[in-house]
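Trainee: I would like to go through the labels used for this model and ask what each one rests on.

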Amino acid sequence: AVQRDITEQVAAEQAVLDSERRYRLLVIALTEGVILQDVHGTLLQMNASAERILNIQIGANGRQNPEALPWKIVDEYGEPLNGDALPSARAVISKQPVLDQVLGLLRPNGVTTWIMVSAQPLFRTDEPQPYAVVSTIYDITEQEAAERQLDAYARQERLLTEITRVTVEQTNFSEMLQTLADRLAELLGADGAYISLWDEVT
């Protein structure tokens with residue numbers, strides 16, 4: 001009976017180890033990044049995809065202080081974000097998942113990597129407060145660049161249409177010139193523009 005109990009225990013422990021090994025291999029193989037943080041934001045673990053996307057590696061002690069990371073975090077409009085606005089912090093505070101938040105990682109060389117982040121708080125049994133948070137991240141830099149380019153094209157088309165309409169419909173010459181100058185400034189991304197008229201001297 002004792003031998004049977006030990007055999008069953010060993011088999012159960014081996015099953016747990018095999019399950020953990022399969023899980024680790026699955027996480028390693030994922031193309032999206034997976035990050036584990038404590039409730040204070042310290043990076044505890046991440047898979048290879050997360051290291052590639054973030055261009056960092058967890059230190060030898062398996063922890064990384066977020067304040068030491070080599071980039072600044074901005075929102076989808078390029079505005080800086082404080083710690084409480086990050087998906088992982090929001091998930092911990094709200095105790096609810098935070099899905100599909102777009103963030104920019106502004107690196108010291110001026111290059112921005114755009115990512116989409118979802119965060120899920122983790123709870124221990126019978127404990128109301130989360131003890132950690134797991135996040136998934138996707139590199140959407142190329143997608144973001146394409147969308148911004150399309151937005152730029154649409155904006156240029158709108159301004160050119162407005163310029164054409166004003167030249168056709170506006171009867172007040174001075175107002176037409178002012179409107180054209182304003183739209184040209186928008187089109188060129190300038191703070192302002194002016195149009196000069198002169199008579200050709202023969």
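Mentor: The turns below take the nonpolar cores and then the paired strands of this predicted model.

Trainee: Why is the set with Ile35, Met46, Leu54, Ile56, Ile115 and Ile137 called a nonpolar core?

Mentor: The term requires buried nonpolar residues, under 20% relative accessible area, joined through side-chain atoms within 4.5 Å. The largest such core holds 15 residues, and the six you name touch the most other members. At least two residues each come from β2 (43–46), α2 (48–54), β4 (98–106) and β5 (112–122). The most come from α2, with three residues.

Trainee: What makes Trp71 a contact of Leu54?

Mentor: A contact needs heavy atoms within 4.5 Å, and Trp71 is on the list for Leu54 once neighbours within four places in sequence are left aside. Also on that list are Ile35, Met46, Leu105, Arg107 and Ile137.

Trainee: Which residues does the second core include?

Mentor: Among its five residues are Ala91, Val92, Val98 and Val133, and this core is separate.

Trainee: How do you know that β4 and β5 pair?

Mentor: Pairing takes at least two bridges; β4 and β5 have seven and run antiparallel, so they pair. Leu106 stands opposite Thr112 in β5. The hairpin has five residues between the strands, and Gly110 in it takes a positive phi near 90°.

Trainee: What makes β5 and β6 a pair?

Mentor: Eight bridges join β5 to β6 (residues 132–139), against a requirement of at least two, so these antiparallel strands also pair. Here Val117 stands opposite Ile137 in β6.

Definitions and conventions: Residues are numbered from 1 along each chain as its sequence is written. This is a predicted model: local features need pLDDT of at least 70, side-chain atom pairs count only at pLDDT 80 or more; totals for chains, interfaces and linings use all residues. Side-chain values use heavy atoms; hydrogens and water are left out. Buried means under 20% relative accessible area, exposed over 50%, partly exposed in between (1.4 Å probe, protein chains only). Helices (H or I, at least four residues) and strands (E, at least two) are DSSP runs, numbered from the N terminus.
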